[in-house]
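Here's a walk through the model, one piece at a time. Keep the viewer open as you read.

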Amino acid sequence: MDHSSSLEKLLRSVAITLVLVFFLFPIVWIFLMSLQTNETILRIPPSIAFTPIIDNYTALITGQLRTAAGSLQLNFMQNMFNSVLLSVCSVALSLVLGVPAAYAFARFKFRLGEDIAFTLLSFRFAPALLVLLPLSLYFKTLGLTNTYIGLIWVYQLICLPLILWIVRGYFEDISPDIEHAYRIAGNSWWRTFTRISIPLAKPGIAAAGLLAFIFAWNNFVFALILASADKQPVTVGALAFVTASGIQYGQIAAAIIISITPTLALALYAQRYLVEGLSMGAVKG
Amino acid sequence: MSQLAIKSLTKSYGAFKVFDGLSLAADAGEIVVIFGGSGTGKTILLRLIAGVEEPTGGVIEIGGHDVSDIAPEHRGVGMAFQNFALFPHMSAAENIATPLRAVGAAEDKVKAGVARVAKLLKIDHVLNHAPRELSNGQKQRTALARALAAEPQILLLDDPLRNVDAKLRFEMRLELPRLLRQSGATVLYVTQDYKEAMALADRIAVLANGQFVQMATPEDIYMRPATLGVARLFGDPSINTADTAIVADGSGVHAAVGGTRVPLADSYRSLAGRDVIFGVRPESVELGSSGLEAEVMAVTPLNERTVLLLQSPSGWEFLASLPSSAATIPEAGSRVRASFAAAGTHIFDRQTGERLDG
Amino acid sequence: MAELDITRVDKIYHSRKGDVHAVKALDLVVKPGEIVALLGSSGCGKTSTLRMIAGFEEVSNGAITLGGKAIHALPPAARGVAMAFEAYSLYPPLTIGENMSFALKSSRLPQAEQEKRVKDMAEMLEIADILNKYPSSVSGGQQQRASLGRALVRDAGLYLLDEPMGQLEPQLRAVLRGRIKHYLREHNCTTILVTHDQTEANALADRIAVMEGGVLQQYATPAELKARPANLFTGTFIGEPPMNVFTADVSATAERVSFTVEGGTTLSYPASDMSEALRGRLAKTPRIALGIRPHALQLGEGPVKGKVTACQWLGDQTHVAVDVAGRTVVSVSQERVSRPTGSDVSLNVAARDLHLFDAASGNAIAHGGTLA
C-alpha cells in the first residue's frame with residue numbers, strides 16, 4: 001500500500017530538518033565566528049549577539065595580522081594561490097591521463113587489464129604516511145622537494161585512481177553500439193572517442209573531476225612534508241594562525257570560509273552535469 | 001561476382017565456438033535474411049562484416065576484395081542496430097548526416113542527402129528533435145535513415161523492428177522492401193521473426209549451432225524445410241510432429257500416426273522400416289468425414305484463423321489451423337475427423353532430423 | 001468458481017506533479033468460470049486494475065466483490081486469489097517443483113494429492129523434467145511456465161495471470177494456449193488475464209475488456225469485438241493487420257448509398273444493403289470514418305484501384321499492400337497470391353464488411369449495414 005498519512009509526512013520533515021541542522025550547523029557557526037574578534041568568540045557564555053566585523057577578512061587579504069602581541073606577516077593569499085594551482089593542475093593532468101586510460105579499461109580486454117586497474121586503485125588503500133617517508137627521500141635526491149611539479153606528481157596518487165574508476169564506469173554504460181555506429185558511418189577510432197565517447201561520458205568526467213578537485217584541495221599531509229612555506233596550500237598554511245600569542249579563531253574561521261568557496265562554487269556549477277541523464281534516450285528503453 | 005562473400009568464417013570466444021565455418025555469397029541488390037533464435041550469433045555476424053569485431057578465421061570479401069585489413073570506417077557498409085544506437089547529443093538530422101560528414105561532403109550535399117532519406121522514411125518533420133524526443137518508431141526510422149544516408153553498397157540491419165510496437169512493425173514490414181530495393185544495396189537483415197523473414201527475403205539463411213542449416217528462398221524454406229529444426233522455426237502455430245515408422249505393404253505406403261494409418265506417397269517406399277518423425281503443418285490438417293478421429297480440447301482464435309487443439313484416442317496432441325471464415329468451426333469437446341494434406345506433410349529422419357524425400 | 005464484480009472503481013495516484021487518474025469508473029463483471037482478458041497498451045490501466053483486485057493497490061473509489069463478499073479492503077492473502085506474476089517472482093532458494101508445491105503446503109490436501117497435482121501441472125506445462133532445478137538455472141520461458149503452474153495448481157476463487165505467456169518459446173505457445181484453456185474450462189476457473197497481446201487475449205478469453213486511458217472501451221467476446229467494435233479505437237486496436245480507415249463523404253439516395261474516400265475512390269452499394277434506420281442516419285451524416293478490415297478487402301474486380309507496393313506470403317496467408325491515390329491500404333488473403341510490385345489491381349469490399357464510425361467522436365455508427 002503506498003499511502004502516506006499526514007503523520008508520516010510530518011515525521012519525514014522532522015527527520016530531514018534534523019539532518020540539515022546536523023550538517024549545516026558547523027558551517028553556519030564558522031561563518032559567524034569569521035565575523036567576530038577572538039574576544040567575542042571566546043567569551044563565556046557564548047552568545048549569538050555581536051557586532052559583525054570584517055577585520056578577519058581584511059587581515060587575510062592584506063597579509064597583515066595585528067594581534068595584541070604585535071603585527072604578523074601572513075601568507076594566506078599565497079597559500080590560496082598554491083591551492084588553486086596545485087588542485088587545478090593535478091586534476092587537469094589526471095584527466096588527460098585518466099580519461100583515456102579509463103576508456104581503455106572499459107572497452108578493451110587486455111592481459112592483466114583488471115590487475116593494473118586494481119593496482120592503481122590500491123594506491124588509495126595505503127596510508128599516506130607510509131608512502132611519505134621513502135617519497136621525501138626520493139624527492140630530495142631528484143630535487144623535487146618544494147616544487148610545484150613534485151607536488152602535482154604526488155597529487156596524482158589522489159586524483160588518478162578516482163578519475164580512472166569513476167569514469168570507467170561511465171564509459172562502460174555507453175552502449176558499444178553507439179560507438180560502432182559512428183565508426184561504421186565512416187569515422188576513425190580517434191574521432192569516435194572525441195566526438196562520441198567523451199561527450200557522452202561528460203557527466204561522469206565532471207563528477208570525477210570535481211571529486212578529485214575536492215580531495216586535492218583538502219589534502220594536508222603531502223604538502224606539509226614535501227613543501228615549505230611558499231609552496232604550501234591553505235590547508236597547511238592555516239597552521240600559521242596558531243601563533244605565539246594564541247590561536248586566532250576569527251582568522252581561522254575566515255580562512256575556512258574563503259577556502260571552501262571555490263570548491264562550493266564548483267560543486268554548484270557542476271551539479272547540473274551530475275544530474276544530467278547519461279544516455280538521454282538514444283538507446284531503446 | 002558477388003557483392004558480399006563470406007568464406008569459411010569462424011569465430012570463437014575462448015573455447016566457445018560461435019561460428020563453425022559460415023559461407024555465404026550475396027549478389028548486388030539482394031536481400032538475404034539471417035534467421036535464427038536468440039543466442040545463435042546473428043548480431044556477431046553483422047559485427048564481423050562491419051569490422052567492429054574480428055573473425056577467428058575465414059575471409060570476408062566486399063566487392064571482390066578481402067576486407068580483413070580494412071577498418072570499419074572504410075568498408076562502405078551501413079548498419080542499423082536493434083537498440084537504434086542514435087547519438088544522444090545530436091539532433092535527428094545530425095545523426096543522419098554523420099556518414100555524409102565523415103566523407104567531408106559539402107554542406108549543401110549533406111543537407112540534400114539528409115532531406116532525401118528523411119523524406120523516404122517520412123521523418124522530415126522531426127529532423128530537429130533530439131533522440132530523446134522521438135517516439136520509438138521515429139527513432140527506428142532515424143536509425144535506418146542514418147544507415148541509408150551515404151548510399152552504402154552493403155546494408156546490415158540488425159533486427160531493426162524488434163523494439164517497435166506490433167502495428168508499426170507491420171507497417172514497416174510492408175514498406176521496407178521498396179526502401180531497400182531503392183537503395184540498391186546488398187542487404188543482410190537479421191531477425192528472429194519468421195514472418196519478417198518470409199516477407200522481406202529474397203533468400204533466407206537459417207542459422208543454428210554455428211552453421212547455416214538451410215539457405216533458400218522463403219518458399220523452399222517453408223515448403224521444403226531441410227531439417228525438423230527449420231520446419232519448427234517457420235510457421236505459427238508450429239508444425240505438429242509424431243514419432244513413427246514408415247511401413248510399406250500390399251496396400252501401399254503409410255505411417256502410424258496418432259493410432260491411425262496415414263497414407264504416404266508411393267515414393268516413400270524406399271524408406272520402409274526407417275524410424276522417422278512425421279510432421280504436418282497445422283494449416284494442412286483438414287477436418288472432414290474421414291481420417292483420424294480426435295477430440296477438440298480447446299478452440300483458440302488466432303487473428304483471422306482459428307486454432308484447434310486436438311487429441312487422438314491414442315493421446316497424440318496436434319493442432320489444426322482453419323480460416324475463421326470456414327463454414328463450421330467445431331466446439332471444444334466435440335469429436336472430429338482429421339486428414340493431412342500432402343503439401344504440408346514432411347518426413348524427417350529421427351536420428352539426424354534431416355528431411356527425407358521419397 | 002466465484003463471480004467477480006468490479007463496481008465503479010477508480011484508481012487515482014497522487015504525486016507532486018499532480019494526480020494521475022489511472023482507472024476511471026470501471027464496471028466489470030466476470031461470471032463464475034469465465035476467462036476474461038484485460039487488454040490494452042501500456043498505461044491503459046489494466047495493470048492497476050489487476051493490482052487492485054489482487055490487493056497490492058488500494059481502490060480510490062468503488063467496490064470489488066468476489067463471490068458476493070467485498071474484498072477490496074482485505075489484505076491480499078485473505079482474498080482467495082491466485083496470481084502468476086509477469087516477472088515470475090519464483091522463490092530463488094526453492095527448486096521449480098518446490099516453488100509449485102509451496103502454495104499447496106498450507107492447504108489441507110493429503111501429501112499424495114499435492115504431489116500428483118504438481119506432477120500433472122508440470123506435465124501439462126512441459127516442465128516435468130526441470131522440477132529439481134533452481135529458477136536461476138532455467139530459461140525465462142521455463143520460469144514463466146513454472147510461475148503459471150504455481151498459480152494454477154492452487155484452489156482459488158479467482159486466478160489472476162499477468163502477461164502469462166509473453167516469454168514462452170514460440171514453438172510451444174499455441175499448444176500451451178490450448179492446454180491452459182482446456183484446463184481452465186475443465187476446472188471451471190474464474191480467470192482474469194492481463195495482456196497487451198491481442199493474440200493471447202483472443203486465443204484464451206471468453207470475453208475481452210479493452211482498456212485505454214483508464215477507461216473501459218468495450219467488453220465483449222473476441223468475435224463481437226472484431227465484428228462490432230464500439231468505436232474507432234477498438235476497431236483499429238483489435239485485428240492484425242490493423243483495419244484500414246478512411247474518411248469518406250456520404251451520399252445516400254433512395255436507390256444507392258455511396259462513400260467517396262480521400263483520393264476520389266467511390267464505393268457504391270444498393271440501398272437494400274443498408275437497413276432503413278441506417279440510411280436515415282447517413283442522410284444526416286455527410287462525413288464518416290470508414291473502416292475496412294484487411295481480410296474483407298478482396299483482390300479481384302472492384303471499384304478500388306491501385307498499384308501493388310508489396311506482396312508478402314507468410315506461409316499461411318498473403319499480405320498485399322496497395323497504393324490507392326497516395327494511401328497505402330492492406331489486403332490479406334488466406335491463400336497464396338502473387339502480384340508483382342507495381343502491378344495494377346482492383347479491390348472490392350462487400351457492404352456487410354463495412355464499419356462506419358462518427359468522424360468526430362469515433363463512436364460506431366454501423367457495422368455490416370445495420371446500426372451499431
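In chain C, strand 4 and strand 5 (residues 69–70) are antiparallel partners joined by 2 bridges; strands here are DSSP runs of E with at least two residues, helices are runs of H or I with at least four, and both are numbered from the N terminus. Two strands count as paired if DSSP finds at least two bridges between them. Within this pair, C:Thr65 sits opposite C:Ala70 of strand 5. The hairpin that strand 4 and strand 5 of chain C make has 2 residues between the strands, and C:Gly67 there adopts a positive phi near 60 degrees.

Before going further, some housekeeping: this is a predicted model, where local features need pLDDT of at least 70, side-chain atom pairs count only at pLDDT 80 or more, and totals for chains, interfaces and linings use all residues. Residues are numbered from 1 along each chain as its sequence is written, while chains are lettered from A and ligands numbered from 1 in the order in which they are written.

Strand 4 (residues 61–66) of chain C also pairs with strand 1 (residues 4–13) of chain C, running antiparallel with 5 bridges. There, C:Leu4 has C:Leu66 as its bridge partner.

Now find the open sheet of 7 strands in chain C, ordered 13-12-11-14-19-20-21 with antiparallel pairing. Strand 13 (266–270) and strand 21 (370–371) of chain C are at its edges with a single partner strand each, so one side of each has no neighbour in the sheet. Further in, strand 11 (residues 244–252) and strand 14 (residues 287–292) of chain C are antiparallel, with 6 bridges, and C:Val245 faces C:Gly291 of strand 14.

Zooming out, chain C has 9 helices and 21 strands, and its C-alpha atoms fill a box of roughly 75 × 45 × 40 Å along the principal axes. Of its 372 residues, 46% are buried, meaning that 20 or more other C-beta atoms, placed from the backbone, lie within 10 Å of a residue's own.

What does chain C share with chain B? Their contact takes 32 residues from chain B and 32 residues from chain C, where two residues touch if their C-beta atoms, placed from the backbone, lie within 7 Å. On the chain B side, helix 5 of chain B gives the largest share, 6 residues. By class, that side has 19 nonpolar (Ala, Val, Leu, Ile, Met, Phe, Trp, Tyr, Cys and Pro), 8 charged (Asp, Glu, Lys and Arg) and 5 polar residues (the others, Gly among them).

Note on methods
Buried ≥ 20, exposed ≤ 12 C-beta atoms within 10 Å, placed from the backbone.
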